[in-house]
Amino acid sequence: HFLGGPSIFNAEMLESIDLYPGGFPARFGRHHGGAVALESRATKSDGIHGSAKVDFIDSGGYLRMPLTKDLTFAVAGRRSYIDVLLPLVLPEPSAGSQRVVTPVYYDYQARLDYNLHQHGRLSLFVIGSSDALHVLQKDADSTMSEDLNSSVKFFRVIGTYTRPLGGDLTLTLSPAWGRDT
């Protein structure tokens with residue numbers, strides 16, 4: 001998230017993080033520099049598991065559970081509440097002036113896995129994040145004001161079909177669709 005905030009991924013949703021500072025595999029495309037590869041963790045059917053986190057600037061949670069014997073689901077999310085706490089500690093503007101500061105971020109991930117047994121595995125992964133900052137400063141004695149609005153949002157839907165072909169060969173098809181704003 002913005003301003004060096006927390007990662008947009010819940011740690012329970014990650015299987016691995018790999019850093020390729022140079023000479024990365026061809027599956028990452030034709031780019032210069034390095035690549036960071038994040039692999040989401042497959043859900044499990046070993047019962048209902050979850051966690052929650054509450055701290056000074058945000059709260060989040062994670063839940064993983066089986067829906068049927070072969071269909072499992074996991075979801076995670078977080079939202080900041082800095083926009084609620086800042087007005088409590090910022091000094092009051094003078095009479096006739098106005099000050100609004102609202103940094104807000106949230107993120108979410110969800111994964112649905114279907115075990116096809118000897119025919120492979122299907123999964124659907126959804127991830128999204130939003131960072132928004134609104135600053136408004138109007139002084140009663142000045143003709144100038146500051147008005148800053150900034151936001152960065154994205155979401156992705158990634159489907160994956162994986163099937164063993166024999167030996168060390170595996171077929172993986174992974175279409176993705178998303179939007180950045």
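What volume does the largest pocket have? The largest pocket has a volume of about 590 Å³, in a model that is predicted, where local features need pLDDT of at least 70, side-chain atom pairs count only at pLDDT 80 or more, and totals for chains, interfaces and linings use all residues. Residues are numbered from 1 along each chain as its sequence is written, and side-chain values use heavy atoms, with hydrogens and water left out.

Rolling a probe the size of a water molecule over the atoms shows where empty space is left. Here a 1 Å grid over the protein atoms alone is used: a pocket is an open set of points with protein on both sides within 12 Å along at least five of seven lines, a cavity is a set of points where a 1.4 Å probe fits but cannot get out, and lining residues have an atom within 4 Å of a point. A volume is the space filled by probe spheres set on the points, which are joined across faces, edges and corners.

| Space | Volume | Lining by class |
|---|---|---|
| Largest pocket | about 590 Å³ | 11 nonpolar, six polar, four charged |
| Second largest pocket | about 170 Å³ | four nonpolar, seven polar, four charged |
| Largest cavity | about 30 Å³ | four nonpolar, one polar, three charged |

In these classes, Ala, Val, Leu, Ile, Met, Phe, Trp, Tyr, Cys and Pro count as nonpolar, Asp, Glu, Lys and Arg as charged, and the others, Gly among them, as polar.

The largest pocket is lined by 21 residues, and L38, E39, S40, I158 and S174 are those that lie nearest its centre. Two or more residues of this lining come from each of β2 (35-40), β7 and β8 (145-166), the strands being DSSP runs (E, at least two residues) numbered from the N terminus.

For the second largest pocket, the lining holds 15 residues, with N10, K53, G60, G61 and R78 nearest the centre. At least two residues each are supplied by β3 (49-54), β4 (58-66), β5 (71-80) and β6 (98-115), and the largest share, four residues, comes from β4.

A search of the whole structure finds one cavity of 30 Å³ or more. The residues that line the largest cavity are E12, M13, R41, A42, T43, Y62, R64 and A74.

Strand β7, which covers residues 121-138, also holds S129. S129 is buried, with a relative accessible area of 5%, where buried means under 20% (1.4 Å probe, protein chains only). Leaving aside neighbours within four places in sequence, S129 is in contact with H1, I8, Y106, D107, Y108, V152, K153 and F154, contact meaning heavy atoms within 4.5 Å.

Definitions and conventions: Buried < 20%, exposed > 50% of the residue type's maximum accessible area, 1.4 Å probe, protein only.
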